[in-house]
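Please look over the sequence and the 3D structure below. A short report on some side chains and their partners follows.

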Amino acid sequence: MSTLQSTSSTQRNAGAAGVGNAANTPVYGPLGGALWLRWAKRAADILMAGSFFLFFGWAYALIWFGVLYTSGGPAIYMQPRYGKDGKVFKFYKFRSMVADSEAVLARHLRENEAARREWAIYQKLEHDPRITRFGAILRKYSIDEFPQFWNVLKGDMSMVGPRPCMFTQKDLYGDYWDHYCAVRPGITGLWQISGRNEISYRRRAAMDAEYVAHLSLWRDLGILLKTFGVVTGARGSR
């Protein structure tokens, strides 16, 4: 118990320090990037998301049927999330959880104190009772994220950016909500290549603020390349 409390305290302090560092980082240009950068980023998004469906549409269809076969419908899970400028959009994923996932989570957290502490820090659970067998495979290699390429084509999301924020997570961004709202949320970002679910949500918010303060197409390319290594190795996935 004391070890867990000590670890949680250290993570909270590290997260707070990360947010502070992001606050003191100078912003190069307007928050969200110059106009040419925003247009170039959008063009790259359309090219990459369109290429995914052109070359891997067959895999998308197989996964769709796999979800239907193993756990019934619907195959696509939709949830409202905050996007650019704080606007709400429908966030898509292949369904990896049981149909009554919210009720299952609420009951699990109510009956398990250790799980409540873990959820408070990471907003994730290492042993999540909501996840189906097939869903566990999809999540391990981030295959459940494939429907978000539709979000990118629609303009809701970008290939790289902060992860889409749930309604219950907005307050966790604190003073850095403006940073989050300055760009489209992304399929991948600094969080995914820096530990994913092994880091606290406060630290994740600090990473998002730092990313937005220093937008760069070259940096986006670097994040995308590193994401492949993280995903294929299933590092930090839950």
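## Polar side chains and their partners

The side chains of Gln79 and Tyr77 are joined by a polar contact of 3.0 Å. A polar contact is a pair of N or O atoms within 3.5 Å; within protein, one must be able to donate a hydrogen and the other to accept it, and residues adjacent in sequence count only if both atoms are side-chain atoms. This is a predicted model, in which local features need pLDDT of at least 70 and side-chain atom pairs count only at pLDDT 80 or more, while totals for chains, interfaces and linings use all residues. Residues are numbered from 1 along each chain as its sequence is written, and side-chain values use heavy atoms, with hydrogens and water left out.

Gln79 also makes a side-chain polar contact with Arg81, at 2.6 Å. Gln79 sits in strand S1, residues 76-82. Helices (H or I, at least four residues) and strands (E, at least two) are DSSP runs, numbered from the N terminus. Gln79 counts as buried because its relative accessibility is 14%. Buried means under 20% relative accessible area, exposed over 50%, and partly exposed in between (1.4 Å probe, protein chains only). Beyond its neighbours within four places in sequence, Gln79 is in contact with Phe89, Lys90, Phe91 and Met166. Contact here means heavy atoms within 4.5 Å.

Arg139 belongs to helix H5, residues 133-140. Its relative accessibility is 9%, so Arg139 counts as buried. The side chain of Arg139 makes a polar contact of 3.2 Å with that of Ser96. Arg139 and Arg95 are 44 residues apart in sequence, and their C-alpha atoms are 9.8 Å apart.

Now to the charged pairs. How many salt bridges does the structure hold? There are 9. A salt bridge is a side-chain nitrogen of Lys or Arg within 4 Å of a carboxyl oxygen of Asp or Glu. The table lists some of them.

| Salt bridge | Closest N to O |
|---|---|
| Lys41 and Asp220 | 2.5 Å |
| Arg163 and Glu145 | 2.9 Å |

Lys41 and Asp220 form a salt bridge. The pair links distant parts of the chain, 179 residues apart: Lys41 is in helix H2 (residues 35-71) and Asp220 in helix H9 (residues 217-232). Lys41 is buried at 11% relative accessible area. Asp220 is buried too, at 8%.

Lys154 is partly exposed, at 49%. Elsewhere, salt bridges that share partners join Lys93, Asp144, Glu145 and Arg163 into one network. Within it, Arg163 and Glu145 are both buried.
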